[in-house]
Amino acid sequence: RGAAALLSAYGSLSARFPADLYKMAVLQRGQLQAFAADRRAAAPRATVSTRQFTRVVLSSRSRKSISPVCQATAEAYKGDLLNKSYYPTSADASNSNKRWYVIDAEGQTLGRLATLAATYIRGKHLPTYTPSMDMGGYVIIVNADKVKVTGNKFTDKTYFNHVTGRPGSYRIEYFKDLQARLPERILERAVKGMLPKGALGRDIRLHLKVFKGASHTHEAQQPTNITSEINVKPKNSAGAKLREQLKKQ
């Protein structure tokens, strides 16, 4: 209706104005008719259904047709494309990639030894360290009964625990008594306190193997002796050399 009114207006104007304006009105009239024809041709639509989703596809007269297949799934997903920092996968944290280390506790200070063991269990000596992943290795401690403490801790340090596992009955034991009865528990509790408190910490604390004597049952794993790193600064330790080797690979 709007087009008809416009055309009638142009027809009345052609009687008053020169012929060039009349030609312009005829030209615009043809454009309006072509536009109305395109609108009528594009009106019918077809609906295509698939198992996962439904898309509306325009008729074949439209310039571009929408494909019902998602092109984004054609290529394999390769992680977060916006974050270029590397995040380890479950394959990186598998037991097949973990290394084994051994520490001789004879004559060593309890705190420094436990710090070194917790660092290697946590994996902080590696460039692939991630707080939420188990990237460390296994640590074996031998001669647990020969570990030392400084000051008056040998006679004054105490260990508290509930006998039945619940409040009400408890036991307080001194360091010298626990070392004579169960020396492995001293190192286990010291390293446990340096690991995360949660599901990850409960899993990786089992990577600590403590033995009372000088021998252990994990010779097949060929552990690396890291006892010399107890009193060495991290920047001068063997872990720093290992990081440099992994960066070059």
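Residues are numbered from 1 along each chain as its sequence is written, and side-chain values use heavy atoms, with hydrogens and water left out. Because the model is predicted, local features need pLDDT of at least 70 and side-chain atom pairs count only at pLDDT 80 or more, while totals for chains, interfaces and linings use all residues.

Let's start with helix H6, residues 183-192 (helices are DSSP runs of H or I, at least four residues, and strands runs of E, at least two, numbered from the N terminus). Its buried residues are Pro183, Glu184, Ile186, Leu187 and Val191, buried meaning under 20% relative accessible area, exposed over 50% and partly exposed in between, with a 1.4 Å probe and protein chains only. They sit on the same side of H6 because they cover an arc of only 160 degrees around the axis, taken from the directions from the helix axis to the C-beta atoms. Among the elements covering them are helix H3 (110-122), strand S4 (138-142), strand S5 (158-162), helix H5 (175-181) and strand S7 (208-210).

Strand S5 is also the place of Thr158, which is partly exposed at a relative accessible area of 39%. Leaving out residues up to four places away in sequence, Thr158 touches Ile172, Glu173 and Tyr174, where contact means heavy atoms within 4.5 Å.
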